[in-house]
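This report goes through a structure element by element. The sequence and the structure come before the text.

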Amino acid sequence: MSIWPEERLDHVDTEGFHTVDMTINVGPQHPATHGVFRMLLTVDGELVTACRPYIGYLHRGLEKLSELNDYRQAMGFWDRTDYLAGLLCEQAYCMAVEKLADIEVPERAEYIRVMLSELSRINSHFMFLGAFGADVGSFGTSFTYAWRERERIYDLIEEVSGDRMFPTYCRPGGVTMDLPENFEKRCREVLGHIYQGIDDLDGLLTGNEIFVERCRALSPLTTERAINLGVTGPVLRSTGLAWDLRKAEPYSVYPHLKFDIPVGLRGDVFDRYMVRLAEMYQSARIVEQCLEQLPGGPFLNPNLPKNLRIDDAEAYVRIEGTKGEYGVYALAKGGNKAYRMKLRSPSFCNLSALSEMVVGHYVADAIIILGSLDIVLGEVDK
Amino acid sequence: MNGASPLPFGDVFFGWSWLDAIIRIVIVVLLMTVVVVYLTYGERKVVARIQQRLGPNRVGPWGLLQGFADAIKLLIKEDIRPRAADRWVFEFAPFLTFIPVLMVLAALPFARDWGVRNVTLGLLFVNAALGLNIVGIMMAGLGSGNKYALLGGVRAAAQMISYEIPLVISILCVAMVAGTLDLNAIAILQEDRPFLLLQPLAFVIFFTAMLSELHRAPFDIPVAESEIVGGYFVEYSGIRWSMFQLTEYASLWAFSIFGSVVFLGGWEFPMGSDWGWGWQLFLTFVKSLAWIIAVMWVRTTVPRLRIDQLMSFCWKVLLPMSLVQLLMNGFILVYDWPQELLTLTSGIGAAALVGFVLYRTARHPSVAHLVGSYKRAGAAAQ
């Protein structure tokens, strides 16, 4: 038995050797796919000539489940889409439901949501830095450096909400409970560690000649092509377009906050990495401002109905997720459950750029390009 | 200088030459086993230290018995042979990678007159034996019936053949200075200064090429964990897989002893021969430990090169520089110029090589194009 199909082995020209391309299956269980993503690479020696992505290994029926459970129960499933930044997904879901039912959110709750969402964004980007460093081959050192800070952020989120990855902390109309008393002190402490952690990773990765050589000028994406493919988030911003929904369509309390949108120039892998690194500083900046501006008052709208029933209504809410535009479409036709919920997941759309980006590169680079897209399979497969 | 005799080091045990050889081989193999077990433990501890972890600390005091526990586990695991594998090629490959390392160990002087056999052409023998390693690796890659293994095997072949050349030339430079190929004699010649001082460029080239021959980061392309999940030994399990691990660490050890004899003066350098075999053994082990820790340190902090960068670094940088070094040595030695010139020319070369890399590192991360404050300054300004 051979790994080559028989007809390929017989395929030898009379004039000499006739080479055939080889297909390599990467995933669904592979250290570089960050989950259960699978891609079928056709390689000519070490060069990739074609790539077919296969998804769906983590499909859990999020949208159907949201139709089968009432508005408050369904929120738990949305944590599990972008599971590296669960609070962001909760925020998007709650904003959609609030828009459906015209629920007012107290300002304090908005600040708390934004603050924790930005912490989650930092958390997710730390995960990217660690995993991307491992993809490039730094033997887990970047991973443990990133993990150190992630643990601190998770601890903080646990102190606030009672859970680390899937806090289920937001509610339509506010947040479940108020912040703990020593939150500001703890948060500033964690922020200090975050700055230190970003500097460490910056030194470990950006300060390394080999890392920069590997990423620079690799698979550049133009702005037009990125828009045509539906790419959003840091990958789009790395091409030079300052498209960030927090600025473009300000929601929640973002109009009151000062921050910049880091953009790249060439749209190559190195720019994607640098944009994320720069974004982490901006997110930390947002958290600091939130801590200063945090108003008093209720954390949950006191006039909420016991059982949320929404008559005919339709809403589409999009926020800037960690990976790009995180859109939630909700349709209500009476009753305490949504008639239809739809997730526009940024990872899924970004993934569509993969197959044309890896063609013509080495196998080793295909792994890096996949890593630079920073997909989360929970979000891709819903 | 006792380089002229092909006899064993020192006195013959029990009078018979063959019995003597067997006893010495058994001692070296037992020593190697213990060293390898503690090298795996040591590597895990060193890596853990750099990565801010604890490392193994459960089996025995400070986890000291962890290596033995792993060895027992590997011995009793099932030895799986995939159906697509070529039976005999697959099963013999681990032994064919291991035997060359054993041959090398038989020719290394651990202290004055301590070793299995003193080979007059020791330098040549060691290089020839290490070159044989590739046969087993190619067999493993081709015989496994796995495409990852095939890629790993072919990558290993390309890499090892390329890096063999600068490796051998850098050692030839030392051989020119020493005027002998006998390892014992080379060590004795370094009584007042190690050859590192005379040939720093050769040392740098040797160290780099050694990392490549050992498949260590940043040249761990054949065994790239995040790309081809282990490369040529991906299909092996149990005892055969542990043979590959044994080979890896035994050759690391052999290379470090070889390198410390050739460049750092082995058992001879700071103390001279008069201090007795205990001190000499201690010196050899301390020097080889320094090599090994340097290798581990590089491994944890440096990402992996791409295959074309690897090749161009070898053929465009290492090979010309080693040839220039060889040429300069020839001039200086033929015209009997003072030895300080050797240090000077080689030192300039080494400084140029290291400076070139440092210059590129310093030139690189230009984050000026990233709009927004990149560093913490932005957060403070608000």
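A:T42 stands opposite A:A50 in β3(A). Strand β2 of chain A covers residues 38-44, and seven bridges join β2(A) to β3(A), the two running antiparallel. Two strands count as paired if DSSP finds at least two bridges between them. Helices (H or I, at least four residues) and strands (E, at least two) are DSSP runs, numbered from the N terminus.

This is a predicted model: local features need pLDDT of at least 70, side-chain atom pairs count only at pLDDT 80 or more, and totals for chains, interfaces and linings use all residues. Residues are numbered from 1 along each chain as its sequence is written, while chains are lettered from A and ligands numbered from 1 in the order in which they are written.

In chain A, three strands make an open sheet in the order β1-β2-β3, with antiparallel pairing. Its edge strands, each pairing on one side only, are β1 (22-26) and β3 (47-54) of chain A. On average, neighbouring strands of this sheet are turned by 20° against each other, direction ignored. Axes are lines fitted to C-alpha atoms, for helices over the stretch in contact, and angles run from 0 to 180 degrees between N-to-C directions.

## The sheet of β6, β7 and β8 in chain A

Another open sheet of three strands has the order β6-β7-β8 in chain A, and the pairing is antiparallel. Here the edge strands are β6 and β8 (340-344) of chain A, each pairing on one side only.

Strand β6(A), residues 313-320, and strand β7(A), residues 325-332, run antiparallel and are joined by eight bridges. A:I319 stands opposite A:Y326 in β7(A), and A:R318 has A:G327 as its bridge partner in β7(A). The hairpin of β6(A) and β7(A) has four residues between the strands, and in this hairpin A:G324 takes a positive phi near 150°.

## A loop residue in chain A

A:D163 lies in the loop between α6 (141-161) and β4 (170-171) of chain A. A:D163 counts as partly exposed because it has 14 C-beta neighbours inside 10 Å. A residue is buried with 20 or more other C-beta atoms within 10 Å of its own, exposed with 12 or fewer, and partly exposed in between, the C-beta atoms being placed from the backbone. Leaving out residues up to four places away in sequence, A:D163 touches A:E158 and A:T168.

Chain B has 15 helices and zero strands. Of its 382 residues, 45% are buried. Helix α6 of chain B (residues 147-178) bends by about 25° at B:E164, with a proline, B:P166, following within four residues. The bend at a residue is the angle between axes fitted to the seven residues ending there and the seven starting there. After α6(B) comes B:G179, whose phi is positive, near 80°.

The contact between the chains takes 44 residues from chain B and 53 residues from chain A. Among the elements giving two or more residues to the side of chain B that touches chain A are α12 (276-301) and α13 (307-334) of chain B.

How values were computed: Two residues are in contact if their C-beta atoms, placed from the backbone, lie within 7 Å. The expected span of a helix is 1.5 Å times one less than its number of residues.
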